[in-house]
Amino acid sequence: MKLVRVILTGLVVTLTVTNIYAAFLDTGWEGARPAGLGQMFVAFADDVNAVVWNPAGLVQINNREGTFTYTKPFFGLSSSVDIGYNYLAFAQKIPKFGGTLGVGWTSLAHSDLYKENVYIASLARLLQANQDRKISVGVNVKMMEQWTNLDYLLNKNDPMAAQNKSKTVYTID
């Protein structure tokens, strides 16, 4: 009965969260190893990149790990277009808890025109381990924010451009 309540609560929370579309969808730029595996890392997820791809995989980390990626994803655009993507993640095994805690941050930005940030907190725990298999569970809590500033592109008298537009949402997966 308790499991049913947890599932129903999760379903209600999931269905009531407002969607934000853009780079919050899978960009595939989170880590060199996942990119090298052709975005199939979710099946392996055995290092710090599991913070984004599959938090249950964090239990396979032996001690602590960190990673950082910076890229200009739209190579070939004019030099005045400065779009950058950052990814930072850290994970630490917590023996007393019997699991691993991870944190991450992704950012897609174009100077002062457009910014997206995702802050991630991950928790993973090993439920069962024997010779045949390991069963682990993981959860991510994410804060996603998006900000635009179109003042210099649009007419200053336009009410849509009169203020910066931003949106923040929270998700659990």
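Reader: Which residue in β5 is the bridge partner of Arg-125?
Author: Val-137 in β5 is the bridge partner of Arg-125. Strands here are DSSP runs (E, at least two residues), helices are runs of H or I with at least four, and both are numbered from the N terminus.

Reader: What kind of model is this?
Author: The model is predicted, so local features need pLDDT of at least 70 and side-chain atom pairs count only at pLDDT 80 or more, while totals for chains, interfaces and linings use all residues. Residues are numbered from 1 along each chain as its sequence is written, and side-chain values use heavy atoms, with hydrogens and water left out.

Reader: OK, back to β5. How many bridges pair β4 with β5?
Author: There are 15 bridges between β4 and β5 (residues 134–148), and the pairing is antiparallel. Two strands count as paired if DSSP finds at least two bridges between them.

Reader: What joins β5 to β6?
Author: An antiparallel pairing with 8 bridges joins β5 to β6. In that region Lys-142 stands opposite Thr-171 of β6.

Reader: And how many bridges join β3 to β4?
Author: 12 of them, with β3 (residues 99–110) and β4 running antiparallel. Leu-101 sits opposite Leu-123 of β4. The β3 and β4 hairpin has 3 residues between the strands, and Ser-111 takes a positive phi near 40 degrees there.

Reader: Zooming out, how many helices and strands are in the protein chain?
Author: The protein chain has 3 helices and 6 strands. From the N terminus the order is α-α-α-β-β-β-β-β-β.

Reader: What about the core, which residues have the most contacts inside the largest one?
Author: Val-52, Leu-58, Tyr-87, Ala-91 and Ile-120 do, in a nonpolar core of 20 residues. α3 (50–53), β2 (83–94) and β4 (114–129) each give at least two residues to this core, and β2 has the largest share, with 5. By nonpolar core I mean buried Ala, Val, Leu, Ile, Met, Phe, Trp, Tyr and Cys residues joined through side-chain atoms within 4.5 Å. Buried is under 20% relative accessible area, exposed is over 50%, and partly exposed is in between (1.4 Å probe, protein chains only).

Reader: What is Ile-120 in contact with, leaving aside neighbours within four places in sequence?
Author: Ile-120 is in contact with Val-51, Val-52, Gly-102, Val-103, Gly-104, Asn-140, Val-141 and Lys-142. Contact means heavy atoms within 4.5 Å.

Reader: Why does Ile-172 count as exposed?
Author: Because its relative accessibility is 55%. Ile-172 lies in β6 (residues 165–172).

Reader: Last one, where does Tyr-70 lie?
Author: In strand β1 (residues 64–71). Tyr-70 counts as partly exposed because its relative accessibility is 45%. The C-alpha atoms of Tyr-70 and Tyr-85 are separated by 5.6 Å, with the two residues 15 apart along the chain.
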